[in-house]
Amino acid sequence: MLETSARLLRLLSLLQQPKEWSGAALAEELGVGVRTVRRDVDKLRNLGYPVDAVSGVAGYRLGAGASLPPLLLDDEEAVAVAVGLRAAATGTVAGTEESSVRALTKLEQVLPSRLRHRIELLQQIAVTPESGPAVQPDILLAVAATCRDHQRLRFDYRNHDGTATTRTTEPHRLVHTGRRWYLVAWDLDREDWRTFRLDRLEPRIPTGPRFTPREAPDLASTIRGVASGAYRHQARILVRAPAEQVADRYGTHVAAVTPIDEATTLVETGANSLEHLALHLGALGLPFEVQSPPELVDCIRELTTRLMESVPPL
C-alpha cells in the first residue's frame, strides 16, 4: 500500500484525467478500500482541490475552483506546456508575453534534466517566424529570475553604436513591445533608471546579492525609454494636433505621446537612422516642428530637395 502522501498524489493524478471515477475504481487503482478513498478525497478538498461528487455512479471528478491549485504533469504534458510557453514568450500571442515568461521560469526551475534536453532539442529544430531581434531563451529566463528574486545583475551590453560596456543593475521588470524585449533596471553606476535591449545583453554568472526593490518609474517613463532610448537617434517633435489624434498614428512602443495643450502634442521617439525618422514624419499627415536633434532638420531638408528633384515638371 502506498504511503498517505504518495497515495494523495496518485489520487490527484487520476482525478486530473478527463473522466469520472467511481469510488470502487479509484480504490482498485490505489489498492485501498472505498472508505479510504473518501477520506483522501476530503484531504484533497481541504488542500483546495475542487473534487466534485458525481451523482448516479457514486464517484468523483476534479472540477473548477475559485483559484488554480497545483497540477501534476507527466513528462509529455510538461514538455508540451514548456514549448507552448516559450512560443508565447516570443510574442506569438499578443498580451501574454510577460506572464508566459513568469510561468516558464517557474516551470523550468523544477524540470528534471531529461526533460530540459527534450525541450532544447525541440527548440533547436523548430522554425518560428521572426518578429524582431532574437533573444536566447536562456538569457530571457535568467534575467526574469533575477527580476523575480531581486538579485543584482551584471551583464555585458552592446550599445546601438556597437561599443561594449559592462553594467551593474538592480533589475526591475521585463517589457515586451511586440518586436523586442527590454529590461527596465536601476543602473548602479549611473544612479538612474535605464532600459536595455535583451538581444544586446549577455548576463554574467553568478548573479549578485539580493537588494531591496526601489520605487519603480511610472509607465510613461518606461515607454519613453523603450521608444527612444535604445536607438541611435532620439527626437522630440511638437505636433500641431490633439494627443488623441497623434496617438492613433503611433504604437505605445514606438513613441511617447504627451499632450501640451488641447491642440499641441509632444512626441518623443527614436530610430537608428535620421532618414527613417524623416520619412515617418513625412507620412504623419499632421503639421509638426522638430525640437531636436538639429541634424534631423537638415535631413528633412535634404530629403525634401531630393524628392522635389525627382518629380517631373508639370
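Colleague: Where does Pro206 lie?

Modeller: Pro206 lies in the loop between strand 8 (201–203) and helix 8 (219–229), where helices (H or I, at least four residues) and strands (E, at least two) are DSSP runs numbered from the N terminus. The peptide bond that joins Ile205 to Pro206 is cis, with omega about 5 degrees. This is a predicted model, in which local features need pLDDT of at least 70 and side-chain atom pairs count only at pLDDT 80 or more, while totals for chains, interfaces and linings use all residues. Residues are numbered from 1 along each chain as its sequence is written, and side-chain values use heavy atoms, with hydrogens and water left out.

Colleague: Which peptide bond is cis with omega near 0 degrees?

Modeller: The bond from Ser292 to Pro293, and Pro293 is found in the loop between strand 12 and helix 11.

Colleague: What makes helix 1 roughly perpendicular to helix 3?

Modeller: The axes of helix 1 (residues 4–15) and helix 3 (residues 34–46) come within 10 Å and cross at roughly 80 degrees, the axes being lines fitted to C-alpha atoms over the stretch in contact, with angles from 0 to 180 degrees between N-to-C directions. Roughly perpendicular covers 65 to 115 degrees, so helix 1 is roughly perpendicular to helix 3. The contact (heavy atoms within 4.5 Å) involves Thr4, Arg7, Leu8, Leu11, Leu12 and Leu15 of helix 1, which meet Thr36, Asp40, Val41, Lys43 and Leu44 of helix 3.

Colleague: Why do strand 10 and strand 12 stand at the edges?

Modeller: In the open sheet, 4 strands follow the order 10-11-9-12 with antiparallel pairing, and two strands pair if DSSP finds at least two bridges between them. Strand 10 (255–261) and strand 12 (288–292) each have a single partner strand, so one side of each is left without a neighbour in the sheet. The twist from one strand to the next averages 25 degrees.

Colleague: What value of phi does His150 have?

Modeller: Phi of His150 is near 55 degrees, which is positive although the residue is not glycine; His150 lies in the loop between helix 7 (137–149) and strand 4 (153–158).

Definitions and conventions:
Parallel < 35°, antiparallel > 145°, perpendicular 65-115°, else oblique.
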